[in-house]
Amino acid sequence: MRYQRVINESELLDGLSQPGSLIVCGGTDVIVKMRAGMLQPTLLLDVTQIESLHGIQVDEGHLEIGAATLESDIMHSPLVNQHAPLLALVLRQLGSVQIRNRGTLAGNIVNASPAADGAIPLLLYEAEVQVVGPAQEQWVRLESFFTGPGKTTLSSGEFVRALRMPIGTDGFRTFFHKVGKRNALTIAIASLGLLLNIEQGAIQEIRIAVGSVAPTPRRLRKIESQLTGRALDAALPLEARDLITGAIAPISDIRATAAYRRNVIGDLFARALRSHLTQPL
Amino acid sequence: MRIQCTVNGKSVERDISPDLRLLDFIRETLQLTGTKEGCGEGECGACTVLLDGKAVNSCLVLAMQADGSVIITVEGLADGQALHPIQEAYVEVGAVQCGFCTPGFIMATYALLQDTPDPSEEEILAGLEGNLCRCTGYSKILDAVKLAARRMRESR
């Protein structure tokens, strides 16, 4: 295996045109998978030093985060805490101090785990992924970027330059909870995130995202539309619990059974709505 | 490949294989065996070192990625024969049981106190979340961090 520290995007594209090449940045997933024999690159392209992949900014109504920006830098960014507070909150629970000091949010996304913590807030904030190839570059909606466990629409020869999400949810209420065996470094058994805009006791807007209960992290848009406009009264959490347990089809695996996952997502959803109730139960 | 970096204040230069991890470079190439390998997957924190001032799992970094960097390992904390106040506190309080996790905990503590000299209990727990002690001696470790933090503030 060869290792090359690429210093700009054209060097990166050149490297990616060679068979067996693979991008490494923080390495928190890639190095583990290489040692397990799951990845066997012949050319490793280290993108940590490419300046155009770094930085956090607000531009044309979007919060934009460079693909090589560290999770710890994103979590501490005043812009992120102002415009995407749920993202900062989730990052505080992602991995550990040591992982966040190496790992990147874009890497978390490209790794495409069904349990990816970082995907939940990004789905809720309607994030897009900037995919750059030799011939073209385009913004792809995160919802269509994931195609299956470990799979995305990224083709060989392409890389991710940045993530962006429209701002304009300031004041929305937030919720995120993941269930796992340990607080730090846990791979979620199930996770749920919400963005909620409540006015005069009614749900003006609700966005729901779940992890570890489908082949990819995903939004539950049908339930979102069913709950929009509804009064957030004492009866709603239980009704919502039934809606969400009927809408997901998790699998049983080494970490939990399907029935447990369905139950836990139902409970989390009911709990989340109860915590935002405007009337006492 | 040629790597040049600064380890515990000394410049080092070696020829290494590109698939060598920073952990192997530290332990095998430089023979600094204070840094431990536990899980090798970033879960346990036993291999924690400071890379350009940040706590990282050295098992998840390729040595070549550290080319040009400044690295501090547990061997770099003591001043000659005098232990660092963090090391002293761990010994004094009895925060060391089997000792395998201790270097990693000490490096995580070092990183925490560098950024947060007067941490709350919650901040200590968050700062050490990436480290596991299989002897489960966590209360003494918490005591040691608090003691070290107080002494380091007082000696300023």
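**Figure 1. His84(B) counts as buried, at 14% relative accessibility.** This close-up, like those that follow, shows a predicted model. His84(B) sits in the loop between β5 (70-72) and α2 (85-93) of chain B. The side chain of His84(B) reaches a backbone atom, the nitrogen of Ile86(B), at 3.0 Å. Leaving out residues up to four places away in sequence, His84(B) touches Leu77(B), Ala78(B), Tyr110(B) and Met152(B).

**Figure 2. Cys101(B) and Cys133(B) form no disulfide.** Searching the whole structure gives zero disulfides over all chains. For Cys101(B), the nearest cysteine sulfur belongs to Cys133(B), 4.0 Å away. For Cys133(B), the nearest cysteine sulfur is that of Cys101(B). Why is this pair not a disulfide? The sulfur atoms would have to lie within 2.5 Å, and the separation here is 4.0 Å. Cys101(B) is buried, with a relative accessible area of 12%. Cys133(B) is buried as well, at 7% relative accessibility.

**Figure 3. The largest nonpolar core holds 38 residues.** Which residues touch the most other members? They are Leu87(A), Leu105(A), Leu122(A), Leu142(A), Phe145(A) and Met165(A). Several elements of chain A give two or more residues to this core. The helices are α3 (71-76), α5 (85-92), α7 (105-111), α8 (119-124) and α9 (142-145). The strands are β5 (62-66), β6 (128-132) and β10 (159-166).

**Figure 4. Leu122(A) is in contact with residues from elsewhere in chain A.** Neighbours within four places in sequence are set aside here. The contacts of Leu122(A) are then Leu87(A), Leu105(A), Ile109(A), Ala127(A), Leu142(A), Leu163(A) and Met165(A). Compare Gln136(A), in the loop between β6 and β7 (137-141) of chain A. Gln136(A) is partly exposed, at 49% relative accessibility. Along the chain, Gln136(A) and Leu122(A) are 14 residues apart. Their C-alpha atoms are separated by 24 Å.

Figure 5. Leu60(B), Gln65(B) and Glu129(B) supply 30% of the area that chain B buries against chain A, more than any other three residues. How many residues does each chain bring to the contact? Chain B gives 30 residues, and chain A gives 28 residues.

**Figure 6. One salt bridge is counted between chain B and chain A.** Arg100(A) and Glu129(B) are the partners, and their side chains meet at 2.7 Å, N to O. Side chains of opposite charge can pair when their charged atoms come close. Eleven residue pairs are in polar contact across the interface of chain B and chain A, counting pairs with both residues at pLDDT 80 or more. On the side of chain B that touches chain A, β3 (48-51), β4 (54-57) and α4 (121-127) of chain B each give two or more residues. Which of these elements gives the most? β4(B) does, with four residues.

**Figure 7. Arg161(A) and Glu9(A) meet in a salt bridge.** Over all chains, the whole structure has 22 salt bridges. In this one, the side chains meet at 2.8 Å, N to O. Arg161(A) lies in strand β10 of chain A, and Glu9(A) lies in helix α1 (residues 9-16) of chain A, so the pair ties together parts that are 152 residues apart in sequence.

**Figure 8. Arg219(A) forms a salt bridge with Glu126(A).** The closest N and O atoms are 3.1 Å apart. Arg219(A) is in strand β14 (residues 218-219) of chain A, while Glu126(A) is in the loop between α8 and β6 of chain A. The pair links distant parts of the chain, 93 residues apart. Arg219(A) is buried, with a relative accessible area of 4%. Glu126(A) is partly exposed, with a relative accessible area of 28%. Salt bridges that share partners join Glu126(A), Arg141(A), Glu143(A), Arg219(A), Arg221(A) and Glu224(A) into one network.

**Figure 9. Arg21(B) and Asp24(B) pair within chain B.** Their side chains meet in a salt bridge at 2.9 Å, N to O. Both Arg21(B) and Asp24(B) are buried.

Technical notes: Residues numbered from 1 in each chain as written. Chains lettered and ligands numbered in written order. Predicted model: local features only at pLDDT ≥ 70, side-chain atom pairs only at ≥ 80, totals over all residues. Heavy atoms only, no water. Buried < 20%, exposed > 50% of the residue type's maximum accessible area, 1.4 Å probe, protein only. Core = buried A, V, L, I, M, F, W, Y, C linked by side-chain atoms within 4.5 Å. Contact = heavy atoms within 4.5 Å. Buried area = accessible area lost by both parts, 1.4 Å probe. Salt bridge = Lys/Arg side-chain N within 4 Å of Asp/Glu carboxyl O. Polar contact = N/O pair within 3.5 Å; in protein donor to acceptor, adjacent residues only side chain to side chain.
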